[in-house]
Amino acid sequence: MNKLISVNCTPFRNVKLVVFDVDGTLYDQSKLRKKMLKSLIGYYFLRPWKIKDLLIIHQFRLERETKAGFEAPNLNDKQYEWCADKLKLPIERVRSVIDKWIFNFPNKYLEACVYPGVKETFDSLNKQNIKKAIYSDYDANEKLVSMNLDADLIVSSTDLNINAMKPIPKAINYILDEFKIADKSTVLFIGDRDELDGACARNAGIPYLIINKNEAKNNFYKILSKKILNES
């Protein structure tokens with residue numbers, strides 16, 4: 001399957017479904033991290049006895065990064081276990097810190113970090129009756145609500161019916177089954193990391209597009225929205 005490296009060469013006449021990654025694809029991660037760093041510094045400056053929480057956050061992210069292509073039952077629980085085992089901490093403490101600082105607190109900043117044109121792109125897909133799916137390694141339901149975006153289907157690697165991380169294509173295959181799509185050429189996967197999103201799309205045999213983050217901050221989605229309306 002050919003890689004689609006530029007929005008300018010992406011055809012939409014036959015596209016029936018667009019699958020989006022979330023982190024770094026729909027919003028500016030660097031912008032979010034700056035906001036989160038400020039919040040973390042402010043919080044732990046006043047609570048130095050809790051400073052080990054920062055190590056928990058770091059180790060959790062590190063364990064997730066090193067587990068690309070991991071597949072096992074109860075993956076949602078295992079992501080906490082990896083961190084707890086490495087740091088020799090109770091899993092309840094790890095879960096409490098991670099749920100607060102990774103899965104909940106950042107959400108209030110997400111809408112301000114959404115790339116320009118993303119909402120217009122989603123609206124354009126709706127107008128052309130092209131389905132939208134979300135596939136993220138992390139749970140993304142609350143993120144979509146916080147970004148004020150809608151999707152026809154939201155899937156995470158840690159869902160009980162998936163339990164497999166990118167680049168394993170299990171979630172993509174599940175999405176195709178849910179939409180009853182047999183012709184893979186009618187699907188487009190948009191992500192920001194070739195080693196995960198691109199590899200996942202290649203493994204699933206579907207076309208994909210890896211966004212340029214600098215372009216995403218400016219005109220990527222604006223161009224994409226116009227192309228959807230003009231070529232569908």
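Mentor: Of its 232 residues, 50% are buried (under 20% relative accessible area; exposed is over 50%, partly exposed in between, with a 1.4 Å probe and protein chains only). The model is predicted, so local features need pLDDT of at least 70 and side-chain atom pairs pLDDT 80 or more, while totals for chains, interfaces and linings use all residues. Residues are numbered from 1 along each chain as its sequence is written, and side-chain values use heavy atoms, without hydrogens and water.

The chain has 11 helices and 6 strands. Its radius of gyration, 18 Å, is close to the 17 Å given by the globule rule for 232 residues, so the chain is as compact as a globular protein of that length. That radius is taken over C-alpha atoms, and the rule is 2.2 Å times the number of residues to the power 0.38. Helices (H or I, at least four residues) and strands (E, at least two) are DSSP runs, numbered from the N terminus.

Now the pocket. On a 1 Å grid over the protein atoms alone, a pocket is an open set of points with protein on both sides within 12 Å along at least five of seven lines, whereas in a cavity a 1.4 Å probe fits but cannot get out; lining residues have an atom within 4 Å of a point. Points are joined across faces, edges and corners, and a volume is the space filled by probe spheres set on them.

The largest pocket holds about 820 Å³. It is lined by 33 residues, with Asp23, Gln29, Arg33, Arg61 and Tyr138 the closest to its centre. H1, H2, H4, H5 and helix H9 (194-204) each give two or more residues to this lining. By class, the lining has 15 nonpolar, 4 polar and 14 charged residues (nonpolar: Ala, Val, Leu, Ile, Met, Phe, Trp, Tyr, Cys and Pro; charged: Asp, Glu, Lys and Arg; polar: the others, Gly among them).

H4, one of the contributing helices, spans residues 91-104 and has a kink of about 30° centred on Ile98. The bend at a residue is the angle between axes fitted to the seven residues ending there and the seven starting there. Ile98 is itself buried, as are Val94, Val97, Trp101, Ile102 and Phe103 of H4. Their cover includes H1 (29-45), H2 (52-66), H3 (75-87) and H5 (107-113), where contact means heavy atoms within 4.5 Å.
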